[in-house]
Amino acid sequence: MRTQIFLLAAAATLTYSTIKADNYVLSSENTSLIVAASKGGGEATYRYFGAKLTDAEARTLDYARAALGRSAYPTFGLNSVGEKAFMAEMPDGSLSLDPVVQDVERSTDKNGQLLIITYKDRVYPFQLRQYFKLYNQSDVFSTWTEYQNLGKKDIKLLRYYSANVPLPRGNNYATHFHGNWGAESQMQEHYVTNGETVLSNKQQLRNAFEVNPSMMVSFDGEPQENAGRVFGANLMWSGNFKMILHASNNSLTLLAGINDDGATYVLQPQEIFTTPELAMAYSTEGKGGVSRAFHRWALRHALMHGDKLRDILLNSWEGVYMNVNQPVMDQMMADIASLGGELFVMDDGWFGDKYPRNNDHTSLGDWMVNPRKLPEGIEGLIASSKKHSVKFGIWIEPEMANTQSELYDNHPDWILSEKDRPLRQGRGGTQVVLDLTNPKVQDFVFGVTDQLLSKHPEIAYIKWDNNADIMNYHSPYLPSNRQQELNVRYHQGLRSVLQRLREKYPDIVIQVCASGGGRANYGLLPFFDEFWTSDDTDAIQRLFIQWGDSHFYPAKAQASHVSASPNHQTRREVPLKFRFDVAMTGRLGMELQPKNMTDAEREFASRAITAYKDIRPVVQEGDQYRLVSPYLHGPITSLMYASQDKRHVAFFAFRPNFVYADLLPSVQLAGVDEHLMYKVRDLTPQNAKQPCSFNGKTISGRVLKQVGLRLDQVLNRPLTSVALELVAE
Ligand code: DGJ
């Protein structure tokens with residue numbers, strides 16, 4: 001990849017009042033962002049975000065009338081009072097801001113190049129800084145803001161979005177992702193009519209549970225996977241958010257930031273407040289191009305340990321639920337080891353002494369081993385893991401308590417609760433949320449993990465769960481005039497715990513989980529290695545959920561487990577091969593009691609795990625191409641991964657639906673190199689001695705890409721699937 005160029009073009013092409021504005025260009029390998037600003041001028045303007053332009057080319061933008069030329073950060077009050085990116089109340093009640101550019105600087109931070117525009121209000125002691133960043137060796141840019149109160153009295157931030165991005169208006173479509181428990185990240189796609197498309201979460205602690213903080217906008221009609229101009233944006237924030245796509249006859253704007261509903265933030269004298277980054281990418285290669293830009297960026301910059309391959313694991317939850325004990329854990333470790341797995345994770349049910357965790361009514365907060373279930377303690381589990389040569393991981397839900405717990409008995413003031421109202425309680429009728437705005441509670445939450453890891457350095461993996469919303473919207477810690485800051489301060493508190501944790505334990509692998517995929521967001525992924533994609537492990541449901549998540553999140557981050565049949569969530573029966581083939585498109589794991597598998601199933605699982613190891617680098621670190629969408633509800637769905645040099649490919653196709661009359665068009669492999677010849681291997685034949693008809697054949701890249709694979713012989717029954725490895729000869 002070529003080194004990014006940071007160009008400062010002095011072409012004076014835009015005016016604000018009488019002041020000429022200069023163009024500032026940030027260019028990656030494929031994309032340019034151009035902002036115009038000038039010292040002494042007012043709000044900077046977005047001139048361009050699109051395919052890469054040289055500075056000479058950029059100077060001709062005006063002739064094409066292509067420049068967007070709209071405010072890069074419109075503030076409320078002076079020029080107009082419509083929905084703006086920013087609104088604050090000054091100490092005397094003024095609601096307007098009159099920002100004047102003081103400085104435009106170029107700079108770098110640890111992983112990117114920055115353009116920083118500093119404004120001060122013409123009258124009030126208020127400083128606003130707007131940041132634009134280009135991440136090194138990536139096509140992802142970001143933007144955010146920072147405010148400082150330079151006066152002696154409090155200023156109230158009423159709306160403080162991270163970004164206001166003007167986009168080209170035309171035949172636009174929007175793509176976004178919604179869900180609920182068991183059906184996260186369901187893709188929605190629609191034509192953008194005039195008016196507003198608003199994404200805003202209401203789940204308080206789990207912002208991706210109901211809607212992911214991300215959106216793609218297509219400019220050339222219905223979104224395509226590998227063609228057409230597409231913009232994608234993802235807010236790097238774990239708390240409440242809002243994204244508003246505002247369309248009119250001649251303009252299109254994306255506003256994005258922390259949700260401003262009931263979230264006034266009191267900015268004290270000298271205090272600085274920083275908004276979350278909005279990460280953005282643009283591609284001429286359709287939605288797939290935007291996804292691949294995000295995936296590469298995530299592996300390099302935004303996912304913990306993005307450069308490391310993930311272990312194949314067995315998680316105990318669906319296998320034994322809360323019935324954990326030493327002999328069963330030992331047996332499960334022996335089994336996953338014998339199948340070729342590398343890690344065992346003990347899920348919920350292992351803790352609580354005075355209040356033992358046998359169901360979800362008790363014990364959250366009491367992070368001591370239940371001596372009746374695990375008389376040998378964690379030491380016994382680690383001894384088992386050593387005996388069976390697998391790593392050991394453990395489940396915690398450290399941000400929570402049950403009202404039946406020693407933690408609650410001792411610290412009822414550590415719980416989010418309203419003073420004079422009955423306590424609303426969640427899961428199990430007793431679950432409550434700890435007040436992470438309180439530094440003492442932050443110390444406790446950090447301590448939960450710290451004590452486990454310092455006492456047992458052999459623990460290799462933590463599953464960090466979170467199964468509640470904020471129900472009692474009141475922090476006993478915050479003063480009465482700052483209660484509206486609860487959501488923001490909760491997530492700042494969480495972030496500070498995670499920062500401490502990562503400083504002390506940089507190597508531990510941590511999965512973020514929230515009743516499944518409720519925390520799939522880039523606010524948290526810089527601290528976590530992966531997310532639990534969904535509590536729904538039904539392979540058919542997963543085709544949809546993982547497809548949705550893949551728009552912004554790489555396969556390496558998506559925990560994807562083979563569970564029992566019939567499935568525990570849907571009761572659907574799906575063949576083991578199909579379940580494995582689906583799970584192999586993400587970070588493969590298992591979520592069942594292996595003791596209940598037949599010998600034939602074990603033989604198959606062991607072969608599939610060995611095969612996954614061969615394609616693991618391609619799936620986890622290659623470029624993903626979505627080929628046939630499950631959202632078409634056609635007979636098949638298909639996707640592929642290719643190494644960066646395209647010499648190693650993993651191809652998957654599934655037939656969830658089957659009717660004899662179905663048309664089965666060939667699937668073209670968009671991500672292969674047309675100039676190469678590929679040798680094909682069936683990765684997971686049902687019968688090792690009878691691989692599918694493609695096995696052993698050598699096929700030209702051009703044929704694969706232009707003609708495609710005809711799958712009617714292979715996917716010839718309901719719930720059939722195929723996983724192929726293609727290696728360039
Ligand atoms: C919710 C998670 O999503 C599950 O995987 C499991 O860990 C349970 N919590 C345990 O209570």
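Reader: Are Arg519 and Glu399 buried or exposed?

Author: Both Arg519 and Glu399 are buried. Buried means under 20% relative accessible area, exposed means over 50%, and partly exposed is in between (1.4 Å probe, protein chains only). This is a predicted model, in which local features need pLDDT of at least 70 and side-chain atom pairs count only at pLDDT 80 or more, while totals for chains, interfaces and linings use all residues. Residues are numbered from 1 along each chain as its sequence is written, and side-chain values use heavy atoms, with hydrogens and water left out.

Reader: What makes the contact of Arg519 and Glu399 a salt bridge?

Author: The term requires a side-chain nitrogen of Lys or Arg within 4 Å of a carboxyl oxygen of Asp or Glu. For Arg519 and Glu399 the N to O distance is 2.7 Å, so the pair qualifies. Arg519 is in the loop between β28 (509-512) and β29 (530-532), and Glu399 in the loop between β24 (391-396) and β25 (400-402), so the pair ties together parts 120 residues apart in sequence. Helices (H or I, at least four residues) and strands (E, at least two) are DSSP runs, numbered from the N terminus.

Reader: How do you know that Asp529 and Arg502 form a salt bridge?

Author: Their closest N and O atoms are 3.0 Å apart, which is within the 4 Å limit, so the name applies. Asp529 lies in the loop between β28 and β29 and Arg502 in helix α9 (residues 486-504), 27 residues apart.

Reader: Why is Asp529 called buried?

Author: Its relative accessible area is 1%, under the 20% cut-off, so Asp529 is buried. Arg502, at 9%, is also under 20% and therefore counts as buried.

Reader: Why is the pair of Phe219 and Tyr282 called stacked?

Author: Rings of Phe, Tyr and Trp (its six-membered ring) pair if their centres lie within 6.5 Å; planes under 30 degrees apart count as stacked, over 60 as edge-to-face and the rest as tilted. A search of the whole structure finds 34 aromatic pairs. In the pair of Phe219 and Tyr282, the centres are 6.4 Å apart and the planes at 25°, so the pair is stacked.

Reader: What makes the pair of Trp317 and Tyr321 edge-to-face?

Author: The centres of Trp317 and Tyr321 are 4.9 Å apart, and the angle between the planes is 80°, over 60, so the pair is edge-to-face.

Reader: How do you know whether Tyr321 is buried or partly exposed?

Author: Tyr321 has 29% relative accessibility, between 20% and 50%, so it counts as partly exposed. Trp317, at 19%, is under 20% and therefore buried.
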